[in-house]
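Please walk through this model with me, from its sheet to its domains and then to some local details.

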Amino acid sequence: MKIGIVLYPTYGGSGVVATELGKALAEKGHEIHFITYSQPVRLGSFRDNIYYHEVMISNYPLFEYQPYETELASKLVEVVKYEKLDVLHVHYAIPHASAAFMAQQILATQGIQIPFVTTLHGTDITLVGKDKSFEPVISFCINKSNAVTAVSESLRQDTYEHFDTTRDIDVIPNFIQIPEYEVMEDVIELRRKYAKDDEPILCHVSNFRPVKRVADVIQIFNKVNHSIPSRLLLVGDGPDRYNIERLCRSLKICNRVVTLGKIRDAANIIRLSDMFLLPSETESFGLAALEAMSVGVPVISSNTGGIPEVNVHNFSGMLSNVGDVDEMAGNAIAILTDNKTLKQFKLNALTQAKKFDIRKILPAYEDIYRRVIEELKLQSV
Ligand code: GMT
């Protein structure tokens with residue numbers, strides 16, 4: 001199939017999922033066209049079957065805010081028409097689904113039928129989407145998409161709760177490519193850059209937005225560090241970074257915390273650690289937790305949204321109520337102080353991650369593409 005994938009190209013989870021999906025589909029022989037405003041960070045170098053179309057943003061002085069949705073819709077019309085795409089798959093509802101709908105309508109006037117699939121990722125529904133100013137457009141686009149998928153059952157339920165829709169929504173969980181390397185020498189060497197051999201390393205990766213509750217990460221770490229001298233690796237950047245660094249200074253733990261900023265392949269850092277912390281306020285899925293589990297790192301997390309669908313309590317990690325940093329720290333200490341328990345949790349984390357192996361998830365998307373293409377063909381005869 002010839003598939004157009006619309007995504008946010010930056011470090012966000014939805015962009016990572018969309019890019020990895022496109023790369024995996026291309027490897028299976030599909031022709032993939034990424035359409036967005038800058039090269040997706042996870043795309044890497046040249047690959048067979050992959051094309052990238054950049055949406056150029058005009059800077060006409062009249063526009064205080066650039067009309068990205070219009071530019072994207074125009075680009076979609078062009079790419080669908082000249083590359084003869086079979087289906088569009090848009091990741092994140094705003095404004096990708098409405099741009100796809102507009103392109104679909106324009107193309108229909110030219111005798112070209114193109115279905116579009118919308119994948120809801122989380123904040124498009126749970127944070128931004130709940131904003132009443134977006135609600136009518138998102139409800140409309142959900143209803144007009146040829147298929148809608150959500151990355152967890154929890155997100156599917158949130159969508160029904162907050163939007164005016166009763167349509168079918170398929171749950172297709174996020175996925176992971178399980179790394180094929182074994183526990184290697186270089187991990188041991190690299191780990192020594194950050195911690196002594198007997199010091200556990202804890203890790204957190206996020207966009208440092210309030211929803212991630214990075215201050216809780218610091219509080220949990222502070223308690224763990226009091227009990228077992230440890231290190232914390234922080235990966236990512238965002239609005240809360242400044243406050244977090246201040247908090248570390250006030251708790252006098254800066255010498256124990258390494259703030260690495262944005263890193264293209266965070267898994268290389270996560271795999272150095274013994275435990276991953278994800279105390280988010282809300283999380284439709286928690287891709288970062290899955291990334292950690294895929295390299296055998298157990299997860300201490302909140303029990304919100306879709307996280308329990310990914311991190312299994314008392315198996316791949318431990319879950320607590322949002323904000324319960326005492327319990328989260330206690331759980332971390334209990335696992336880290338007993339080598340046998342830690343080893344078992346690490347093995348379990350990998351076992352759990354394997355359920356989300358990309359090879360198991362990919363066919364679900366291919367089935368949906370085929371279904372919407374077929375349905376549209378039937379409608380137009
Ligand atoms: O986590 C973010 O704020 C970024 C956001 C995104 O769309 O890039 O992540 C959402 O989508 C990810 C991929 O499906 C999910 O793993 C995250 O749980 C979800 N974030 C939230 O729900 C807060």
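In what order do the seven strands of the open sheet run, and is the pairing parallel or antiparallel? The order is 3-2-1-4-5-6-7, and the strands pair in the parallel sense. Keep in mind that this is a predicted model. The edges of the sheet are held by strand 3 (50-54) and strand 7 (170-171). Each has a single partner strand, so one side of each has no neighbour in the sheet. Strands of a sheet pair through backbone hydrogen bonds, in either a parallel or an antiparallel way.

Take one pair as an example. Strand 1 (residues 2-6) runs parallel to strand 2 (residues 31-36), and five bridges link them. Within this part of the sheet, Val6 lies opposite Ile35 of strand 2.

Now step back to the whole chain.

How many residues does each domain bring to the contact? Domain 1 brings 21 residues and domain 2 brings 16. The size of an interface is often expressed as the accessible area lost when the parts come together. Here, about 1,400 Å² is buried between domain 1 and domain 2. Carbon and sulfur atoms give 55% of that area.

Polar links also cross between the domains. There are 10 residue pairs in polar contact, counted with both residues at pLDDT 80 or more. One salt bridge is counted between domain 1 and domain 2. Its partners are Arg42 and Glu291, whose closest N and O atoms lie 3.0 Å apart. On the side of domain 1 that touches domain 2, the elements giving two or more residues are helix 1 (13-27), helix 6 (153-162) and helix 15 (358-380). The residues on that side of domain 1 comprise 11 nonpolar, seven polar and three charged.

The structure as a whole holds 24 of them. One joins the side chains of Glu153 and Arg156, at 3.2 Å from N to O. Why are these two residues about one helical turn apart? They are three residues apart in helix 6, which means a separation of about one turn.

Finally, check the backbone at two loops. Ile94 and Pro95 are joined by a cis peptide bond, with omega about -15 degrees. Pro95 sits in the loop between strand 4 (87-91) and helix 3 (96-108). The other loop lies between strand 8 (201-205) and helix 8 (214-227), and it contains Arg213. Arg213 is not a glycine, yet its phi is positive, at about 50 degrees.

Key. Residues numbered from 1 in each chain as written. Predicted model: local features only at pLDDT ≥ 70, side-chain atom pairs only at ≥ 80, totals over all residues. Heavy atoms only, no water. Contact = heavy atoms within 4.5 Å. Buried area = accessible area lost by both parts, 1.4 Å probe. Salt bridge = Lys/Arg side-chain N within 4 Å of Asp/Glu carboxyl O. Polar contact = N/O pair within 3.5 Å; in protein donor to acceptor, adjacent residues only side chain to side chain. Helix = DSSP H or I, 4+ residues; strand = E, 2+ residues; numbered from the N terminus. Nonpolar A, V, L, I, M, F, W, Y, C, P; charged D, E, K, R; others polar. Pairing = 2+ DSSP bridges.
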